[in-house]
Amino acid sequence: MAGSRSQYKQQRNAENKETRPHAIHRYARISDRKARIVLEQIKGKGVIQAAAILQYNPRYGAYLAGKVLKSAVANAEENHQMDVADLYVEEVFADQGSTMKRIQPRGKGRAYRILKRSCHIKIVLNER
């Protein structure tokens with residue numbers, strides 16, 4: 001055998017590692033469908049224009065996406081030494097997270113289920 005199992009895992013993870021600057025907000029308390037509405041508006045836009053769109057969008061998802069975008073820009077500057085003026089939003093993801101199940105009491109002793117959904121918001125940047 002050439003190496004141990006952990007060495008194989010480290011090698012595999014190094015190959016699959018994301019090299020583009022990105023940021024992720026896990027378990028955001030918003031449904032993935034509502035987050036996607038906002039994220040589709042900034043896909044392909046420059047970082048400065050995307051930040052302006054999110055700042056004046058009244059949805060709660062825009063507030064969360066704005067924080068993720070700001071973090072991704074900071075990662076690009078700090079870790080990849082990229083210029084902010086050349087950055088654009090290459091990919092956006094709003095994947096379904098865990099769901100909290102709650103009970104709403106109803107008439108005649110029944111109970112209705114309330115699903116409080118969460119999502120993982122990911123923004124990937126790149127240089128033009």
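# A tour from helix α4 to the sheet and back

Begin by selecting helix α4, residues 60-80, which lies across β1, β2 and β3 and runs at about 145° to β1. The model is a predicted one.

**The sheet under the helix**

Next, select the three strands. They form an open sheet in the order β1-β3-β2, and the pairing is antiparallel. β1 (22-28) and β2 (87-105) are the edge strands; each has a single partner strand, so one side of each is left without a neighbour in the sheet. From one strand to the next, the twist averages 10°. Strands of a sheet pair through backbone hydrogen bonds, in a parallel or an antiparallel sense.

Select Arg-102, which stands opposite Ile-114 in β3. Then select Glu-91, which has Val-124 in β3 opposite.

Now move to the connection. β2 and β3 form a hairpin, with five residues between the two strands. In the turn, pick Lys-108, where phi is positive at about 60°.

**Helix α3 against α4**

Two packed helices are described by the angle between their axes and the distance between the axes. Here α3 and α4 pack at an angle of about 155°, and their axes are 9 Å apart. Angles over 145 degrees count as roughly antiparallel, which makes α3 roughly antiparallel to α4. The crossing of α3 past α4 is left-handed.

To display the contact, select Val-47, Ala-50, Ala-51 and Leu-54 on α3, together with Ala-62, Ala-65, Gly-66, Leu-69 and Val-73 on α4. Of the residues in this contact between α3 and α4, eight are nonpolar, one is polar and none is charged.

**Ala-62**

The last stop is Ala-62, in helix α4. Is Ala-62 buried or exposed? Its relative accessible area is 1%, and the cut-off for buried is under 20%, so Ala-62 is buried.

Which residues does Ala-62 contact, leaving aside its neighbours within four places in sequence? They are Val-38, Leu-54 and Asn-57. Leu-54 also belongs to the α3 side of the helix contact.

Finally, draw a C-alpha to C-alpha distance from Ala-62 to Arg-36. These two residues are 26 residues apart in sequence and 9.9 Å apart in space.

Conventions:
Residues are numbered from 1 along each chain as its sequence is written. This is a predicted model: local features need pLDDT of at least 70, side-chain atom pairs count only at pLDDT 80 or more; totals for chains, interfaces and linings use all residues. Side-chain values use heavy atoms; hydrogens and water are left out. Two strands pair if DSSP finds at least two bridges between them. Helices (H or I, at least four residues) and strands (E, at least two) are DSSP runs, numbered from the N terminus. Axes are lines fitted to C-alpha atoms, for helices over the stretch in contact, and angles run from 0 to 180 degrees between N-to-C directions. Contact means heavy atoms within 4.5 Å. Angles under 35 degrees count as roughly parallel, over 145 as roughly antiparallel, 65 to 115 as roughly perpendicular and the rest as oblique. A crossing is left-handed if the near helix is turned anticlockwise from the far one by less than a right angle, and right-handed if clockwise. Ala, Val, Leu, Ile, Met, Phe, Trp, Tyr, Cys and Pro count as nonpolar, Asp, Glu, Lys and Arg as charged, and the others, Gly among them, as polar. Buried means under 20% relative accessible area, exposed over 50%, partly exposed in between (1.4 Å probe, protein chains only).
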